[in-house]
Structures are given as C-alpha cells and as structure tokens.
Amino acid sequence: MTYIETLKHPVIARLSLIQLISYFGTWFSQVAIFSMIVAYGASEVTVALTAAMAMFPAVILAPLIGIIIDRIDFKKLMLILLLIEIVMTLGFIFINSLEYIWVLMLLIFLRSSAASMLFSAEMTLFPKLVQGKMLKNTNEIHSIIWSFCYASGMAAGGLATHFMGFDTAFMIDALLYGIAVLLLLGLKLSLEKVTHIDSSWKMFKDGFSYLIANKKILHLILLHAAIGLTSFDALITLLADFKYKEFIAVPLAIGWMNATRAIGLMIGPFIISRIISKENLHYFFVMQGLAIILWSMLEYNFYLALMALFIMGLFITTLWSYTYLLIQEETDAHYMGRVISYNDMFFMLSNVATAMFIGYASKWGLSLEGITFTLGFGFIVVAVYYIWFKKRYLDEENK
C-alpha cells in the first residue's frame, strides 16, 4: 500500500492537510522566537530554557492529557486547542525585551500544551481508524509532513524574520492556524463513542498500572524517547550565534540549518522505511549516531555542516515513526490515549534534558563540537540497549 492510497482515506487526508498548515506556521514562527531572544541578548541558558519550555507541557501534563483525550470528543478538543494556539501566538507580538522573557516562556508553555495535547490526540485517533500497513503509512505521512513543514517553515521563517521582522512572522503564524480551524470545521468523523464511567483519578491509576504491568511497552517508550537526543534547537541557535553570525545573519543561519536537516527528514522515509524492521533497527540507531558525530567534525564550516545535517536527517523520521508504531501495535485500544500521553511525556522529557544539557554544557565550557559528539555517542548506547531488548522480548516471542 502506497502513501497515495493511504491518503484516499477522507479523515486521514483532511487531518494531514490540517497538520501541513498548522505545522508550517509553528516552525515559521519558531525562527522568529529564537532570533528575537538572540537579538535581545539572551544567554546560552536562556536559549536552552526557551527551547525546553516548548517541551515541558508534555512532561508535566501527560497524565491529565491522556485522561482528557480518552474523555472528550476529538473534533471538539481539536477546535479548542487550535484556538488556544492562535491566541498564544498573537501574544508573542507584545514581547519587546528580555524583561518580559518570563511572559514569553509562559506563552510558549501554553501554546505547547495545546500542541502536545493535539498531537497526542491525533496519534491516539489513528489506530482507531486504520491498522497494519495503513497505520504504518499514516505515521510516516505524519512524520513526512512534519519534516516538510520543518524545512519549508524554518527556511521561509528565516527569510520573513530577516526581511519583515518578528511581529510579521507571528501574525502570519496566527493566520495559518485560523485556516486550519476552517478546515477542521469540515471534518467528518464517525467513531464508536467510548464512554468512561470511572473517575479521572481511577482512570489515571488504571492507566499507570497498565503501563507498569507491561514492561515491553515501557522499554519501547524508552527507545522512542531516545530520538529526543536529536532535539537540536538550542544547539543550532548557539552555532548560528557563536560560529556563523559573522558569515550569515542569525535568522538565516537558523532557518537554513534547520531546513537542510528537515529535507533529510523528509526524504529519509522514502528510502529507509522499506528496509527498517525489528531485526535491523539497531543498525539504524548506530547510523544515526555516526551521522551526528560526522556533523560534530564538520561544524567548523557552515557549508560542510549543512551537508552533515542533511545526512543526519535521513534517519530521524523513520526511527521516530517506526518506534511509535511498535508502541501503538502493542497497546490495548482502551488505554491508548493514556499510553500515548505517557510516551509523549518520556519523549519530551528526553528533549528537555537534551536542550538543558546543550545550554549548561556550553556555559561550563564544553565546545559545541564536543556537545554534538556526545549526543551522537548516545545513539550508539541506544543501539546496544535495543539489542538487549530484542533478545529479551522479541527473540523469545519468536521461539
């Protein structure tokens, strides 16, 4: 089954279009946010905290997110969340100095809370609509859209921020969210309604108990969380500020580095998804690690670094979507929302830890090349972990 055949499903097609528009807007304004705080003189730690603030909601709110997803109608929930994203994005316009950095972080936290819940709701919905190869394709389409929007949004956002300013980028972002709302209103979704009569506290306890009792799912969640080591927003911002700003404007450097990586993210699934499997997954973790290490060796030159970023991006999308698929396939539908939210919590916790490591390691004197090498080596460790997991769980199942 091809991606085009999968997109013939009317709900998948419309949700994919909504994702395309809203994700493009998110990454479009992301360049403006980081360029803005750099222009205001933000330190390494402030940059790292700003990057981390977009990830905290999935960590802090995971139990609540899962319960909300399992209780509230998907379309109604999605509408509310998109409206929240519009309001918070418009709020960025009023930040004009680092004096209001705490307001910026609050707005980012609230917008990211809505985005995290929306993402988890979608990933919970997909297994209820499609299964098997079609579910795998749906996950990959979602990842390809994210990657395309990351590339085009970052590139366009870098140009718009450089030539038109921060506020214009934020207004364009809010407009794009508005278009997504209009598309959502036309979504026709028919699902069997699942009524949860238990209290929210009991749902929380049951979901947590289910996760603890299924060690295989826990290990899969940790493997998926390892992809968070590629959370490079803070690292790319610091590279643009410390190494490349004499050569190219910071917004353009951030935009082009992220766009180049995202082109790799977008192309990778068309090549790798055909050959990745439970039997060879560890090799792709190793290749991801080696690609990041190559980047660390080429960061001294902007153009060579772009080449390495492209190579590094080839593996990320497929690793993300394939490990997500393994979790979806292993989880009972009754607990899907709660398990997905916990999975996103661990993934974002990994992203937060990576962002904070980058900020503090740079502050304490570790070179950006050394930081990058360390993150690459982390994937080698993850490959060894998967080999153990495969022998412990997958090989025993096949006996």
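**Close-up views of a predicted model**

View 1. Leaving aside residues up to four places away in sequence, Gln 328 touches Met 123, Pro 127, Leu 135, Asn 139, Met 336 and Ile 340.

View 2. A search of the whole structure finds six salt bridges, and one of them joins Asp 173 to Arg 111, with 2.8 Å between the closest N and O atoms. Asp 173 lies in helix α9 (residues 166–185) and Arg 111 in helix α7, so the pair ties together parts that are 62 residues apart in sequence. Asp 173 counts as buried, at 0% relative accessibility, and Arg 111 counts as buried too, at 6%.

**View 3. The salt bridge of Asp 241 and Lys 245.** Here the side chains of Asp 241 and Lys 245 meet in a salt bridge, with an N to O distance of 3.5 Å. Asp 241 is buried, with a relative accessible area of 15%, while Lys 245 counts as partly exposed at 44% relative accessibility.

**View 4. Helix α6 and its buried residues.** Helix α6 runs over residues 74–91, and its 18 residues should span 26 Å at 1.5 Å a residue, which agrees with the 26 Å that separates its end C-alpha atoms. The buried residues of α6 are Phe 74, Leu 77, Met 78, Leu 81, Leu 82, Glu 85, Ile 86, Met 88, Thr 89 and Gly 91. Ile 172 has its place in helix α9 and counts as partly exposed, at 28% relative accessibility.

**View 5. Helix α2 and the residue Gly 41.** Helix α2 has 30 residues and reaches 44 Å from its first C-alpha to its last, close to the 44 Å expected at 1.5 Å a residue. Of these 30 residues, 23 are buried, so helix α2 is largely enclosed by the rest of the structure. The helix is followed by Gly 41, whose phi is positive, near 90°.

**View 6. The largest cavity.** The structure holds two cavities of 30 Å³ or more, and the largest has a volume of about 980 Å³. It is lined by 42 residues, of which Trp 27, Trp 146, Phe 347, Met 348 and Asn 351 are the closest to its centre. The elements that give two or more residues to this lining are α2 (10–39), α3 (44–53), α7 (101–129), α8 (132–164), α13 (250–272), α15 and α16 (336–363), and the largest share, eight residues, comes from α7. Sorted by class, the lining of the largest cavity has 22 nonpolar, 14 polar and six charged residues.

**View 7. The second largest cavity.** About 30 Å³ of space lies in the second largest cavity, which is lined by Gln 30, Val 31, Phe 34, Met 154, Asp 233, Thr 237, Ile 254 and Asn 258. Helices α2, α12 (233–244) and α13 each supply at least two residues of this lining, and the largest share, three residues, comes from α2. By class, the lining of the second largest cavity has four nonpolar, three polar and one charged residues.

Key
Residues are numbered from 1 along each chain as its sequence is written. This is a predicted model: local features need pLDDT of at least 70, side-chain atom pairs count only at pLDDT 80 or more; totals for chains, interfaces and linings use all residues. Side-chain values use heavy atoms; hydrogens and water are left out. Contact means heavy atoms within 4.5 Å. Helices (H or I, at least four residues) and strands (E, at least two) are DSSP runs, numbered from the N terminus. The expected span of a helix is 1.5 Å times one less than its number of residues. Buried means under 20% relative accessible area, exposed over 50%, partly exposed in between (1.4 Å probe, protein chains only). On a 1 Å grid over the protein atoms alone, a cavity is a set of points where a 1.4 Å probe fits but cannot get out, and a pocket is an open set with protein on both sides within 12 Å along at least five of seven lines; lining residues have an atom within 4 Å of a point. Grid points are joined across faces, edges and corners, and a volume is the space filled by probe spheres set on the points. Ala, Val, Leu, Ile, Met, Phe, Trp, Tyr, Cys and Pro count as nonpolar, Asp, Glu, Lys and Arg as charged, and the others, Gly among them, as polar. A salt bridge is a side-chain nitrogen of Lys or Arg within 4 Å of a carboxyl oxygen of Asp or Glu.
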